[in-house]
Each structure stands twice: as C-alpha cells, then as structure tokens.
Amino acid sequence: MRYVEYYSEGQRQRLRLETISDGEKAFARQRPAAGQETVKPQEAGSAIFETLSSQQQRVSSRFHCLTKSEAYYSPSRVKAGTIIPTETVAVDGASSSEIRWMRSEYGMRPVAEGRCGKVLLIAPEDCDNRIAMAFEAADALFKRGNVGASHPNFLRVLQRPGPSAHTAETQWALDNPGEPGLIGADVHALAAWTVTTGSAGVRVAVLDEGVDTDHRYLENAVVAEADFVDGKQTAQPDGNDAHGTACAGIIAGQSDRAKGLAPGVRLVAARIAKSDDRGFWIFDDFETADAIDWAWERAKSDVLSNSWGGGPPADVIANAFNRARTQGREGKGTVVVVAAGNSQRQIDFPGDLDGVLTVGASNQWDERKTRSSKDGESWWGSNYGDELDLLAPGVRITTTDIWGPRGYSTKAVTTTFNGTSAAAPHVAAVAGLILSVKRELSEARVREIIKQKADALSQGDQPRLVGSGRLNAYMAVRAARRG
Amino acid sequence: MAADFYYYAGGKRIPLELDPEHVAVDVGEVGSRGGRRPDPAAVEGAVELRSGLYLVERSSLPADERRRLDQEDALLPVYQYENALVVILPEVRVEIAEGSETEVHRFLEEADVPNQILTDKGTRLVVRPESGRGEDALRLANELQESVPVEMAQARFLRRVPKRDRSS
C-alpha cells in the first residue's frame, strides 16, 4: 500500500493505492458481517486485472508492461468501481517547449494527441517505477505553471448500467432513487408539491382512445367526458384500449400506488380513437377536431394532453388547436401538449405544429430515449426535430391501468407504460400545476416557463434531439409563482 | 410531375398516394340504396374502421363484386401517407375568409362537383358531394382552395396509424 498525490481542479489530491496482489491479501483479512455480501478478494483482484487484460488494445498505450504485481488500484470503492493509475500523464494546454522539458527532465514522450491541445505522455520504459515517475512528472509540470492541467492519467473501471432488470416499482419519474438510473433524474415532483399538488379549479383534458373514468384512482378527478367515436355518454374505452387510462393516471392518479404529477387537478376525458386489435388506431379527423373544440370550449379545459399522432397533416385539426390556443380560457389560451412519437425519426403530426409543446421521452439515466439508450428497450426511440420542445420521463412509468386481463397488467396499476405517450402527460400535468399557482398566465407564458426551466441534458447543444432539456416541475412552479 | 392525388394543409399541397392493395367498403351506403348488402366482416382480413365502414384487401373482393360496389358508390379509395392509411369520406369542411361568403356560395352552386350544404354557420360550412364519393370530396376541397378565398377546405379523412403502445 502507498499514497500518491497529484493536482486536480487546482487542489492537491491524495490517493491510496495498492497493487492487485496486495489487495488480494488486504481483502483476505476482512471478515464480512453475518449475512453481508462482500467482494471476494481473489475475485476483486482478478476481476480488475482481467478487465484490463480484456481491453489490451486500449490499455497497451498506457503501459509498457502490465503484471499483476505492478498494477495498482485505488480500493476505496471497489464494488461501485475503481480507478487504476497508468504510466501516462494527461496534459492540457502545453506548448512544445513544455513537452520538450518533460522529455529532457523525465524522459516522458508523447503517445497520443487529443483534441483542443491535450497530449498524453508516457514514462520511459527503462525506469524502475513508471507509475511513480508519471505522478512525479505530472506534479513537476503542473508546478511550473505553464499548462492548463497536468495529472496522472487514470483508467476507470465502473459498473456498466445494465438494462432495466426491475419493473419500475418506484415512481422514478417523480422521484428517482437511482435503482436503476441516476438519482435525481426525475421531474422533481416532491419539491414541486411543496408549492402545489394542483388546484381543483384547473382542468386537464386527455384526448385518447378513452379513459376508464370509473377507475378508483381517477373517478374523483373526472369532471367531464365525451365519446367522439361512438357517441356514447362516457369516454370509456373499448376492449383492450388501455392507453388513455394510463395517460390520465400520469396526470391525476389519486393513489400512492399510482400517483399523478398533478393529483389535485381535474380531468376531462375525450375519446377520439379506437384500436383495430391489429396494433393500429383509427381516427376521424373531423371527430378529432370536434373533440379538441369541445375540450377547450365546452369542457373549459386549461390544458390538452395529446399522446396520439401520425399520418398526413390536416388543417381541420391544426385550426382546432389554434382556436384552443387563442380563444380558450377567455382568450388567455389553452395549453396544447403533444407527444413527439416513438419511431426515432422526424416528429409526427400534430407534434410538428407551431405553438404546441412537443414532448420527447427521457429515461432513468436522463438520456434521450433511443433504441440504444441504457434502459435496454431497443424496440423504440423518441422522435426528434426542430419542433421538439423538451423531454420528460417516458420509460417504465407506473400509472393507472384498465381492470382485468384487458389492460397492460391484470391489476389497477401498470408499471410498464412507455413512450412519448407517457412523457407528454407529465408536461401537461406541469402546465396544470403552473396554472394552479397562477391562473392568469397566458398559454404562451406557460410554454415559455416549462421550456426555460427544464434541466439541461448532456446533449444540450443539440436541441433537435433533446429540446431545452428534461422537464423540471419544481423550477417551473417556482417560476410561475413569480409570474 | 404533379401528383395525381393531393390536398392542402397549412397552405401547402400535400401529395397522397393511392394504396393499390386496399379499398374501403361502406356497407351503410349500399343498404341505403336498396342494393344487396355485402358482408365485409366475412371477408378475410377485413378491418372495421367505423360502424359500417370496412378496410379490405382489394384482392379479397372478386372483380364483379368490386364493380357492383363501385357502381353503388360504396367503394372508397384508400391512400397511403408514410406509415398511415387514409380513407377519404364524402364530406368537406370549409372555413371562409371574412367577407367572402357570397363568393364561396356562388362557387359551390356552380361547382363541377354537384354538392349539398349540410351545415351553414356563416363562415363555417359542411358540404357533401352529391355522388357520395370520397374522390369528389377531395376534388371539391381542392377546387375551393384553388379558386376562392377560403381559410380552409378539407375533405374528411379517416386515418389508420400505428398505435403508440410501447409497453415492456
């Protein structure tokens, strides 16, 4: 065991190192508590070494030679991952004279050149302890004060996040415990609820294939319903049509098992489609347009949540949305939220219309949902394009389900609802929360707040992919309070 | 080359492609004229789009039956647009630019496609081609767009799109 020091972020950092073989001995001395699982010492040392060996091509430029007794690692977080010092030094912003100085003083020579003036130097093969030499040289170069950074170059062996092994037992979209995913990669619902859980005076409409308005977790929220497909008195879905019930629960579910993001708002349900049992929806554009007009004009909806789309554009629908945005809420405008679509291609109609909030999906790792994102759901990806406004959680969402064998599950709650269909109701719910806080805001201002207060994501420089980032309910309601 | 089938949306001309594989059968239309009512539900692969309206594969209807249904105006063409299928129903919604009501009414009276105004709410009309054909509704809507000041003239679309169920 030994300690090494180096500079990072201008601060002196101290690191305890052990060789792989020392580590095996150290672990062998530990006795796990009863019932506690621990890393077996031989497995730990061997696993790290095997990881390095398995990536020989990448690792070979960082070591002249790697033997078990010469390989060090930092044992502080073996289970979560570890770091391995190499024989190289990463230097940022070095002039050629500094590189020459490193060669003349320490025998360090460049092995790789990175972007933006980064260079990787390796210790000479013939010195006794090349890793120690790398630390010493890095330190010396940093102290000369002529470079932006100079520190030992580490390999990091981290646990790779696997596909979602669990169903979403927790409502990660509201409060993400990081199992799986990243802690805090959520809409910050708990913080938002310290401001409001939604006002009974605010109405959010779900336009979909019907909503089980008798569902015990929804029935108290429903204030208006209509069927534009078969002309029934209620918006009850047919057959296996569970999609709209799932969307409604994301907004206003009233149970700890499937809590909506705005459980205090009221629901309006409009049935505008039915499925043909072959994986297709059937829409009549005129009926859909009538449903939109009914929702803002007769049902007095403040927000319209639309998790449907596809096919050619239609003015009759676009005009109905425009009327909602300009004439709804006595001229303040009804907020229109539309799902982007799940085909990982250009945004579907009507998400491509101006003036609507177009929503893509994010996952538990705060990534844009793609066919290759970490959630492992390779069968769908979020649509993208210039019209995309922001992302919201859309993977393995816990929400209400139609009863019995016809739904996504056999219970009142499903834990597997997916898609931009799940993302859009989260945004609709936040629009409802905003209007619960300040009713007089215009629909344009609500849209602006939601976009401005989204959390930036790693692909933030590509708004076509992620819009303005991932929905943040807390920041949005806070901003609403200020106007 | 201009597309054979098109319509207007957002002021732009949107091409439509005829789906060679499907037709829609309006059973209600046949019944209303006293013809022999076909039973598309008995046709293999038929999908009920709405009450009395079925999507069927063209090849599953015998040629003489197809001809008979066409003569009875009960056969509606099906169009493709990306991954959606569109059936055009015999109805047009019109939103008239302010002050142009007289001009639009005059146009409808003299239009090549004989039609009937079903609903008149000043600047908003619902019009039906007398033929009961979806193609005529499309033609009438396009002629309105191209000839008189309308905010919108759109034939009624019934669309079949992939459902957005992506559950695990």
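Here is a friendly chat about a predicted model with a chain A and a chain B.

User: Hi! Before we start, what kind of model is this?
Analyst: Hi! This is a predicted model, so treat every value here as computed from a prediction.

User: Okay. How many helices and strands does chain A have?
Analyst: Chain A has 13 helices and 18 strands. The chain is 483 residues long, and 58% of them count as buried.

User: And what share of its contacts link residues 24 or more positions apart?
Analyst: Taking the contacts in chain A with a separation of 6 or more, 70% are between residues 24 or more positions apart.

User: Let's switch to where the chains meet. How many residues are in contact there?
Analyst: On the chain A side 47 residues are in contact with chain B, and the chain B side has 40. About 3700 Å² is buried between the two chains, with carbon and sulfur atoms giving 46% of that area. In chain A, the residues that lose the most area to chain B are A:F286, A:P312 and A:D315, which together make up 19% of what that side buries.

User: Why would charged side chains pair up at all?
Analyst: Side chains of opposite charge can pair when their charged atoms come close.

User: Which residue does B:R156 form a salt bridge with?
Analyst: B:R156 forms one with A:D284, and the closest N and O atoms are 2.8 Å apart. B:R156 lies in strand 9 of chain B and A:D284 in strand 12 of chain A, so this pair joins two chains. Both B:R156 and A:D284 are buried.

User: Nice. What does B:K163 meet in a salt bridge?
Analyst: Its partner is A:E209, at 3.1 Å from N to O. B:K163 is in the segment after strand 9 of chain B, and A:E209 is in the loop between strand 8 (203–208) and strand 9 (222–227) of chain A, so this pair joins two chains as well. B:K163 and A:E209 are both buried. Another example is B:E82 with A:R345, whose closest N and O atoms are 3.5 Å apart.

User: New topic: peptide bonds and phi angles. What do most residues do?
Analyst: Most residues other than glycine have a negative phi, and most peptide bonds are trans.

User: Which bonds here are cis, for instance the one ending at A:P180?
Analyst: A cis peptide bond joins A:E179 and A:P180, with omega about 0 degrees. A:P180 sits in the loop between strand 7 (149–158) and helix 6 (189–193) of chain A. The bond from A:F349 to A:P350 is cis too, with omega near 5 degrees, and A:P350 is in the loop between strand 14 (335–339) and strand 15 of chain A.

User: And what is phi for A:Q344?
Analyst: A:Q344 has a positive phi of about 50 degrees, although it is not a glycine. A:Q344 lies in the loop between strand 14 and strand 15 of chain A. A:D366, in the loop between strand 15 and strand 16 of chain A, also has a positive phi, near 60 degrees.

User: Are those two residues buried or partly exposed?
Analyst: A:Q344 counts as partly exposed at 24% relative accessibility, whereas A:D366 counts as buried at 16%. The cut-off for buried is under 20%, which means A:D366 falls below it.

User: Last one: what does the side chain of A:S373 reach?
Analyst: The side chain of A:S373 reaches the backbone oxygen of A:T370 at 2.9 Å. A:S373 lies in the loop between strand 15 (357–362) and strand 16 (390–393) of chain A, and A:S373 is buried, with a relative accessible area of 7%. Leaving out residues up to four places away in sequence, A:S373 touches A:N363, A:E367 and A:R368.

Technical notes. Residues numbered from 1 in each chain as written. Chains lettered and ligands numbered in written order. Predicted model: local features only at pLDDT ≥ 70, side-chain atom pairs only at ≥ 80, totals over all residues. Heavy atoms only, no water. Contact = heavy atoms within 4.5 Å. Buried area = accessible area lost by both parts, 1.4 Å probe. Salt bridge = Lys/Arg side-chain N within 4 Å of Asp/Glu carboxyl O. Helix = DSSP H or I, 4+ residues; strand = E, 2+ residues; numbered from the N terminus. Buried < 20%, exposed > 50% of the residue type's maximum accessible area, 1.4 Å probe, protein only. Polar contact = N/O pair within 3.5 Å; in protein donor to acceptor, adjacent residues only side chain to side chain.
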